[in-house]
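The following questions and answers examine one protein chain. Please consult the sequence and the structure while reading.

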Amino acid sequence: VLALRPEPMEPLKALGLRLLERGDAAASERLFRDLAERFPDWAGVFFQRGRALERLARFEEARLVYERAATLRPAWTEAQDALTRILAIAPARKAS
């Protein structure tokens, strides 16, 4: 049995990366946010959304999505490095 994907995931990811490369971090973030809602177990989408959020200086949100990427793929050093970097900018807030 051939399983078909309902969504063309990789081309959409490539579009988001291209938007980010061209300096349209807002459009990239919106695309990756949509993809993350549709594919909540796809670590790469969370990582790329974090990159877009970081470029938009939305550091707290970037931290949260980098945490999600690192949780989904714990051995992914690039995600761990991004999380370490963002924690230096936007440390996790302690619950009161």
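Q: Which residues are buried in α2?

A: This is a predicted model, in which local features need pLDDT of at least 70, side-chain atom pairs count only at pLDDT 80 or more, and totals for chains, interfaces and linings use all residues. Residues are numbered from 1 along each chain as its sequence is written, and side-chain values use heavy atoms, with hydrogens and water left out. Buried means under 20% relative accessible area, exposed over 50%, and partly exposed in between (1.4 Å probe, protein chains only). The buried residues of α2 are A25, A27, S28, E29, L31, F32, L35 and A36.

Q: What covers the buried residues of α2?

A: Contact is defined as heavy atoms within 4.5 Å. The cover over the buried residues of α2 includes α1 and α3.

Q: How many helices and how many strands are in the chain?

A: Helices (H or I, at least four residues) and strands (E, at least two) are DSSP runs, numbered from the N terminus. Along the sequence the pattern reads α-α-α-α-α. The count is five helices and zero strands.

Q: What is the mean pLDDT of the chain?

A: The pLDDT is the predictor's confidence in each residue, from 0 to 100. In the chain, 86% of the residues reach 70 or more, and the mean pLDDT is 88.

Q: How many Å does helix α4 reach from its first C-alpha to its last?

A: The expected span of a helix is 1.5 Å times one less than its number of residues. Helix α4 covers residues 59-72 and has 14 residues, with an expected span of 20 Å. From first C-alpha to last, the reach of α4 is close to that expectation, at 20 Å.

Q: Against which helices do the buried residues of α4 pack?

A: An α-helix has 3.6 residues a turn, so residues three or four places apart point the same way. In α4, the buried residues are A62, R63, V65, Y66, A69 and A70. Their packing partners are α3 and α5 (77-89).

Q: Is Q48 buried or exposed?

A: Q48 belongs to helix α3, residues 43-55. Beyond its neighbours within four places in sequence, Q48 is in contact with K13, L17 and F32. Because its relative accessibility is 9%, Q48 counts as buried.

Q: What is the length of the polar contact that joins the side chains of Q48 and R51?

A: A polar contact is a pair of N or O atoms within 3.5 Å; within protein, one must be able to donate a hydrogen and the other to accept it, and residues adjacent in sequence count only if both atoms are side-chain atoms. Between the side chains of Q48 and R51, the polar contact is 2.6 Å.

Q: How many aromatic pairs does a search of the whole structure find?

A: Rings of Phe, Tyr and Trp (its six-membered ring) pair if their centres lie within 6.5 Å; planes under 30 degrees apart count as stacked, over 60 as edge-to-face and the rest as tilted. The search of the whole structure gives three aromatic pairs.

Q: Why is the pair of F39 and W42 described as it is?

A: F39 and W42 are both buried. Their ring centres are 6.0 Å apart and their planes stand at 85 degrees, so the pair is edge-to-face.

Q: Which residues form one aromatic cluster with F47?

A: The rings of F47 and Y66 have centres 5.7 Å apart and planes at 50 degrees, so this pair is tilted. The pair links distant parts of the chain, with F47 in helix α3 and Y66 in helix α4, 19 residues apart. F47 is buried at 5% relative accessibility, and Y66 is buried at 0%. The residues that form one cluster with F47 are Y66 and W76.

Q: Over the ring of which residue does the charged end of R68 sit?

A: A charge sits over a ring if NZ of Lys or CZ of Arg is within 6 Å of the ring centre and within 35 degrees of the ring normal. R68, in helix α4, is partly exposed, with a relative accessible area of 30%. Not counting residues up to four places away in sequence, R68 touches P40, D41 and F46. The charged end of R68 lies 5.4 Å from the centre of the ring it sits over, that of F46.
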